Amino acid sequence: MRLIQVGGAARRLQCSAGWVRYLADTGRLPSHRTTTGLRLFKEEDLREFARKRRQRALPPTRRAKHPGVRNAASLPAEVPGCLDPHP
């Protein structure tokens, strides 16, 4: 069992140390305190939190049926070979 301090937890979760403290204070991220008050996080708990966060992430945006193909009206008129949207 490896214990990690707040700064290391923040780097692993790619967020600020303040956010890690908030997560610990609200009970969303399990933490342990030493007798001197230092917060420590189990590496396994950080891994599990990151996994759950990825699962809750928003689904990827819908992609175009034909990537790279744009509407001719959206192209600037000075592009050679561009169709004129207003003939």
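This report describes the fold, the nonpolar core and the salt bridges of a predicted model.

## Basis of the values

The model is predicted, so local features need pLDDT of at least 70 and side-chain atom pairs count only at pLDDT 80 or more, while totals for chains, interfaces and linings use all residues. Residues are numbered from 1 along each chain as its sequence is written, and side-chain values use heavy atoms, with hydrogens and water left out.

## Overall fold

Three helices and three strands make up the secondary structure of the chain. Helices (H or I, at least four residues) and strands (E, at least two) are DSSP runs, numbered from the N terminus. Along the sequence the order is β-α-α-β-β-α.

The chain has 87 residues, of which 21% are buried. Here buried means under 20% relative accessible area, exposed means over 50%, and partly exposed lies in between (1.4 Å probe, protein chains only). Among the contacts in the chain with a separation of 6 or more, 41% come from residues 24 or more positions apart. Contact means heavy atoms within 4.5 Å.

Helix H1 covers residues 6-13, and its buried residues are Val6, Gly8, Ala9, Ala10 and Leu13. These buried residues pack against E1, H2, E3 and H3.

The largest nonpolar core has 13 residues. Such a core is a set of buried Ala, Val, Leu, Ile, Met, Phe, Trp, Tyr and Cys residues joined through side-chain atoms within 4.5 Å. The residues with the most contacts inside this core are Ala9, Leu13, Val20, Leu29, Phe41, Leu46 and Phe49. H1, H2 and H3 each supply at least two residues of the core, and H1 gives the most, with four. In soluble globular proteins, nonpolar side chains tend to be buried together. Leaving aside residues up to four places away in sequence, Val20 touches Val6, Ala9, Ala10, Leu13, Cys15, Leu29 and Phe41.

## The residue after H1

Gln14 follows H1 and is found in the loop between H1 and H2. Its phi is near 55°, a positive value in a residue other than glycine. Gln14 is exposed, with a relative accessible area of 73%.

A search of the whole structure finds five salt bridges, each defined as a side-chain nitrogen of Lys or Arg within 4 Å of a carboxyl oxygen of Asp or Glu. Side chains of opposite charge can pair when their charged atoms come close.

One of the five salt bridges joins Glu43 and Arg2, with the closest N and O atoms 3.9 Å apart. Glu43 lies in helix H3 (residues 43-56) and Arg2 in the segment before strand E1 (3-4), so this pair ties together parts that are 41 residues apart in sequence. Glu43 is buried at 17% relative accessibility, whereas Arg2 is partly exposed, with a relative accessible area of 48%.

Glu43 also meets Arg47 in a salt bridge, at 3.7 Å from N to O. Arg47 and Glu43 are four residues apart in helix H3, so about one helical turn separates them. Through shared partners, salt bridges join Arg2, Arg12, Glu43 and Arg47 into one network.

## The Arg39-Asp25 pair

Arg39 and Asp25 form a salt bridge with an N to O distance of 2.6 Å. This pair links distant parts of the chain, with Arg39 in strand E3 (residues 39-42) and Asp25 in helix H2 (residues 17-25), 14 residues apart. Arg39 is buried, at 13% relative accessibility, whereas Asp25 is exposed at 54%.

The side chains of Arg39 and Asp25 are also joined by a polar contact of 2.6 Å. A polar contact is a pair of N or O atoms within 3.5 Å; within protein, one must be able to donate a hydrogen and the other to accept it, and residues adjacent in sequence count only if both atoms are side-chain atoms. Not counting residues up to four places away in sequence, Arg39 touches Ile4, Gln5, Val6, Arg21, Ala24, Asp25, His32 and Arg33.
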